[in-house]
Amino acid sequence: MEDTIFAPSTAVGGAIAVLRVSGSRAAEAERLLDRPLAKEPGRMRFARVMDGSEPVDDVMAVYFAAPHSYTGEDMVEIDCHGGHQTVQKILSLLSELGFRPAEGGEFTKRAFLNGKLDLSQAEAVMDVIMADAEQSRRAALRQLHGSVSRAIHGVEQSLLDALSGIDAAIDYPDEAEEDCLLQLPEQLADARGQIRRLLDEGRRGRVLRDGLRVVILGRPNVGKSSLMNALAGFERAIVTDIAGTTRDVLDERLSFDGVPVRLIDTAGIREAADQAERIGVDRALMEMRRADVLLVLVDGSVPLTAEDTALLLQTEGEVRRILVQNKSDLPQVAVLEGALPVSAKTGLGLDALRREVLRLAAPGDADADCITNERHLNALERALGALEHAAEAAELDCVATDIRGALHALGEITGTDVDAAVIDRIFARFCVGK
């Protein structure tokens, strides 16, 4: 990290662009300005970017001295006008100073390597950026502020206490206190309990990051695409009177009362007439297996068909199935017991449908310290597996090995014990400038 990097931290083309410079030579960016940076770090100053004697742009510039910056290094931020030509000209001038364009996520990676953030907090930076619903934003922000770190630290402390007692008993068997070994089963049980709670909360809270998968199923022409458009609030799916118009899966991200939802419209389920429709039906059935909530639609204005009955039987017993009787604005012929009456045309019943989806599958309080990252959940499962193995081990040194394995898995979450390849893979998904 000896080189100095630069990149725009905002999208080019807006009114204002923020350009970041980080590294030991960052303060040299003032060579582009017609006046020095403010001597007091963190104080913004008006200046003009110059290309020799030619003015380029009027800007605001600020200097942050290490370690009191986002990356933990010397940093300079330049707020310039956001036009493409202006931004590219200033970036070109920064390059001429010998600075290097930053790679994706390199600023946050440097913040992690310099101890400004742990790995779970660094990952939460991208989650805050990508949050597309209110509860997603709140959950990501709590993780950025250290909620995951605190939860993992509590488990680690329990395991370190247990491990210190085992190590003392192995190294100094005559002097080790018997209480240490007597407490070991309780300590391990407590750690397993903490991890199980984190996993249980995390499986529910994962919705806040990835969205609740709500799949619309039904035979052709029951109004699946119309319902998707009504819930989305715009014409996302093509709607015609021709059965089988939808041949593929359509996926739209929405928000139900602040909870992110992935609403998925599928091809009508029936005996396919051609290969394209057959593929669509197969994909619909695959989405059915992956759903958090199934919306099974029937057309209440006509009698139930054999295809309706077959789908109702196929999804019977699904705990997160919602029966929806569409076209309730028309005279009703088929009345399905337990079904929610809705009209995609008039909007009747849509609010009740949203509430029922959330009642069935929405996560708990977004302010709870839940873990939503799939990588973190996988590491917790490995830690739990190691501790369950430890509970069955007969020899103390085997128990100690399993505890160290659990600590290694937990360390992968916060970054205290993680391979460089994992770090590179995490930051590779970041945008440039973050």
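A: Start with Glu123. Its relative accessible area is 3%. Buried means under 20%, exposed means over 50%, and partly exposed lies in between (1.4 Å probe, protein chains only). Therefore Glu123 is buried. The model is predicted, so local features need pLDDT of at least 70 and side-chain atom pairs pLDDT 80 or more, while totals for chains, interfaces and linings use all residues. Residues are numbered from 1 along each chain as its sequence is written, and side-chain values use heavy atoms, without hydrogens or water.

Q: What makes Arg375 and Glu123 a salt bridge?

A: Their side chains meet at 2.7 Å, N to O. A salt bridge needs a side-chain nitrogen of Lys or Arg within 4 Å of a carboxyl oxygen of Asp or Glu. The pair therefore qualifies. Helices (H or I, at least four residues) and strands (E, at least two) are DSSP runs, numbered from the N terminus.

Q: Why can such side chains pair?

A: Side chains of opposite charge can pair when their charged atoms come close.

Q: How many salt bridges are there in the structure?

A: The structure holds 21. One of them joins Arg100 and Glu106, with the closest N and O atoms 2.6 Å apart. Another joins Arg25 and Glu28 at 2.9 Å, N to O.

Q: Are Arg100 and Glu106 buried or partly exposed?

A: Arg100 has a relative accessible area of 26%, which makes it partly exposed. Glu106 has 11%, so Glu106 is buried.

Q: What about Arg25 and Glu28, buried or partly exposed?

A: Arg25 has 28% relative accessibility, so Arg25 is partly exposed. Glu28 has 27%, and it also counts as partly exposed.

Q: Why are H3 and H12 called oblique to each other?

A: Look at the angle. Helix H3 (residues 119-130) and helix H12 (residues 396-414) have axes that cross at roughly 40° and come within 5 Å. Axes are lines fitted to C-alpha atoms, for helices over the stretch in contact, and angles run from 0 to 180 degrees between N-to-C directions. Under 35 degrees counts as roughly parallel, over 145 as roughly antiparallel, 65 to 115 as roughly perpendicular, and the rest as oblique. The H3 and H12 angle falls in the rest, so these helices are oblique.

Q: Which residues of H3 and H12 meet?

A: Leu119, Ser120 and Glu123 in H3 meet Glu412, Ile413 and Thr414 in H12. Contact means heavy atoms within 4.5 Å. The residues of this contact divide into 2 nonpolar, 2 polar and 2 charged. Nonpolar covers Ala, Val, Leu, Ile, Met, Phe, Trp, Tyr, Cys and Pro; charged covers Asp, Glu, Lys and Arg; the others, Gly among them, are polar.

Q: What makes helix H7 largely enclosed?

A: Count its buried residues. H7 (residues 224-232) has 9 residues and 7 of them are buried, so the rest of the structure largely encloses it. The buried ones are Lys224, Ser225, Leu227, Met228, Asn229, Leu231 and Ala232. They pack against strands E7 (212-217), E8 (250-256), E9 (259-265) and E10 (293-299), and against helix H10 (350-361). Just after H7, Gly233 takes a positive phi of about 90°.

Q: Why does Ala151 count as buried?

A: Its relative accessibility is 18%, so Ala151 counts as buried. Ala151 sits in helix H5 (residues 147-171). Ile371 is 220 residues away from Ala151 in sequence, but 9.1 Å away in space, C-alpha to C-alpha.

Q: How many disulfides are there?

A: The structure holds 0. A disulfide is a pair of cysteine sulfur atoms within 2.5 Å. Cys80 has a relative accessible area of 1%, so it is buried. Cys398 has 38%, so it is partly exposed.
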